[in-house]
Amino acid sequence: MAAEFEDGSPAEKLFNQGYSYTYDDVIFLPHYIDFPTDAVNLSTKLSRNIPLSIPCVSSPMDTVTESYMAAAMAAVGGIGIIHSNATPSEQADMIRSVKSRRVPILSSPVFKTPDSRIVNEFEGDDVPFVFVTQSGNEKSKLLGYVAKSDWLGLKDTEIKLGEIMRTDANVSVPCHYDLGQINGKLKEEGRDFVVLEKEGGEVVDVVTKEEVERVKGYPKLGKGTVGSDGRWMVGAAIGTRGSDKERLEHLVKAGVDVIVLDSSQGNSIYQIEMIKYVKQTYPELDVIGGNVVTMSQAQNLIKAGVDGLRVGMGSGSICTTQEVCAVGRGQATAVYKVSSIATQSGIPVIADGGISFSGHIVKALVLGASTVMMGSFLAGSTEAPGAYELNEKGLQVKKYRGMGSLEAMTKGSDQRYLGDTAKLKIAQGVVGAVADKGSVLKHVPYTMQAVKQGFQDLGASSLRSAHDLLRSKTLRLEVRTAAAQVEGGVHGLASHEKKAF
Ligand SMILES: NC(=O)C1=CN([C@@H]2O[C@H](COP(=O)(O)OP(=O)(O)OC[C@H]3O[C@@H](n4cnc5c(N)ncnc54)[C@H](O)[C@@H]3O)[C@@H](O)[C@H]2O)C=CC1
Ligand SMILES: O=c1[nH]c(=O)c2[nH+]cn([C@@H]3O[C@H](COP(=O)(O)O)[C@@H](O)[C@H]3O)c2[nH]1
Ligand SMILES: [K+]
């Protein structure tokens, strides 16, 4: 439908003026509402063969996505990409951990051998239970457990755990039990915890009643992102070095569902060779290339055979690439431009970086992306790696750092840099902290509700309909002046508290 009068600009015109626009620079003009918010369907694709029920992806960063985050992202219908700043076997273990459960709960239970003694093992440990296995870790059958209350009252502190452990049956449930099944078991047996166990008896984790109650308090979970193996889907990042082929083999053995080639500038001979290698060696495995911000970069990776593209250079909250290298693009322009070429080949686009609130997600998706990838938006949550600390203002925070920061580079991804320039390391990211956000199991569903309201205002009941409105020029945009951006935010108040839910 062509407009009968001029009002606002079609995206095609706005993004071809030679400016690099960020999400904040542009604003959509509202369209026409003829459906309720709940009729908005945000289901989408991460890549050619990975469907998601919500368009959210957690970034492969070592302060964002490990097993706990990936399990939670799958539980809410998105997906997590496990970072590669770890050894290949550690990264593969994280994949296995996600695949070994159907609850977004991960604890760090303490395991001991039957020969361990009370006194030298537990003094000062704040653990409610100790689990006894032959190996002293989770990799063998559960023999019994000792509750803290049992050992606190003991006079003979030299006694071995094997002699005092409880060995009651029915403490274990199959690891594929979902929240409802585990809850049923806890109630039925009047227990405070159950042990998730693999078929051969290997322990997966311990789930306490307290954790189940916590998760039950969040918005109801759907079936989540489940693959054909009946397990949660999970992705992993790799680089483009020779050694990444070996890493990939580990990940494939662990059951990884999709691979992200993690680079700030994906249009390279190394990446193109890697894409071809992955598609040739594992034709069933989806591979996402990037990062790209231009149509020609995208075209090269599409030609090489990618199943998805990751878009963004320098737009991330911790990124200094544009300052250091003078290369990159405003994220709104990058997403629009890359999506317009990717859509011609049916390749889904991930808008990576620069998401601070729900409106940015609406902008990314409506401008052509199929999903958004988030770092800072998810860092600081219960499921992000690391412990909370109090900062100097007394605020509860978790560390969040760029994967190109000096600190992350020296942790392990070093070789990537040392390979070229053994002596000189240049950071392209910073180390910071993000305020406590609570659980993503709450944060993400509420954010999706806000995104649905944005879609409703635009008259788009799905991602497909948003993209159709954009390309048919029905949807109109404008650039916001600096004053318009101020006006669009909270202004003129002596004080206020911002709380979205
Ligand atoms: N999205 C963004 O704007 C940015 C993201 N990052 C993140 O930081 C991390 C590191 O990114 P990059 O430095 O771009 O990593 P990278 O591995 O793509 O590049 C590092 C250097 O190694 C070279 N290289 C790659 N494969 C090679 C091979 N097989 N043989 C020889 N040389 C090879 C590259 O050309 C480059 O000079 C990633 O996690 C990335 O996502 C970093 C900067 C910007
Ligand atoms: O220039 C950069 N230096 C870095 O050290 C770095 N680490 C991550 N990334 C990229 O930023 C994205 C996350 O951005 P947000 O926090 O804005 O969601 C991520 O998804 C990455 O694309 C980096 N970019
Ligand atoms: K930045």
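I54 is placed in the loop between β3 (50-52) and β4 (56-58), in a structure that is a predicted model. With a relative accessible area of 11%, I54 is buried, since the cut-off for that term is under 20%.

Which side chain has an N or O atom 2.6 Å from an oxygen atom of ligand 2? The side chain of S59 has such an atom at 2.6 Å from a ligand oxygen, and the side chain of Y400 likewise places an N or O atom 2.6 Å from an oxygen atom of ligand 2. From the backbone, an N or O atom of M403 lies 2.8 Å from a nitrogen atom of the ligand. On its own, ligand 2 has 520 Å² of accessible area, of which the protein covers 91%.

## Aromatic pairs

Rings whose centres lie within 6.5 Å are taken as pairs, and by this rule the count comes to 8 aromatic pairs. One of them joins F15 and Y336, which are stacked, with 4.9 Å from centre to centre and 20° between the planes. Because F15 lies in the loop between α1 (11-14) and β1 (26-28) while Y336 belongs to helix α13 (residues 331-342), this pair ties together parts that are 321 residues apart in sequence. F15 is buried, at a relative accessible area of 3%, and Y336 is buried as well, at 7%. F15 and Y336 also form one aromatic cluster with Y19 and Y21.

Another pair is made by Y145 and F193, whose ring centres are 5.1 Å apart and whose planes meet at 85°, so that the arrangement is edge-to-face. Y145 lies in strand β8 (residues 142-147) and F193 in strand β10 (residues 193-197), and the pair therefore ties together parts that are 48 residues apart in sequence. Y145 is buried, with a relative accessible area of 3%, and F193 is buried with a value of 3%.

## Charges over rings

The charged end of K398 sits over the ring of Y388, at 4.6 Å from the centre of that ring. In a second case, the charged end of K498 sits over the ring of F357, 6.0 Å from its centre.

## Backbone features

Most residues other than glycine have a negative phi, and most peptide bonds are trans. Against this background, G290 and N291 are joined by a cis peptide bond, with omega about 0°, and N291 has its place in strand β14 (residues 286-292).

A326, which is not a glycine, has a positive phi of about 65°; the residue is placed in the loop between α12 (321-325) and α13, and at 68% relative accessible area A326 is exposed. K473 is likewise not a glycine and has a positive phi of about 70°. The position of K473 is in the loop between α17 (463-471) and β21 (477-479), where K473 counts as partly exposed at 35% relative accessibility.

Technical notes
Residues are numbered from 1 along each chain as its sequence is written. Chains are lettered from A and ligands numbered from 1 in the order in which they are written. This is a predicted model: local features need pLDDT of at least 70, side-chain atom pairs count only at pLDDT 80 or more; totals for chains, interfaces and linings use all residues. Side-chain values use heavy atoms; hydrogens and water are left out. A polar contact is a pair of N or O atoms within 3.5 Å; within protein, one must be able to donate a hydrogen and the other to accept it, and residues adjacent in sequence count only if both atoms are side-chain atoms. Accessible areas come from the Shrake-Rupley method with a 1.4 Å probe; for residues, only the protein chains shown count as cover. Rings of Phe, Tyr and Trp (its six-membered ring) pair if their centres lie within 6.5 Å; planes under 30 degrees apart count as stacked, over 60 as edge-to-face and the rest as tilted. Helices (H or I, at least four residues) and strands (E, at least two) are DSSP runs, numbered from the N terminus. Buried means under 20% relative accessible area, exposed over 50%, partly exposed in between (1.4 Å probe, protein chains only). A charge sits over a ring if NZ of Lys or CZ of Arg is within 6 Å of the ring centre and within 35 degrees of the ring normal.
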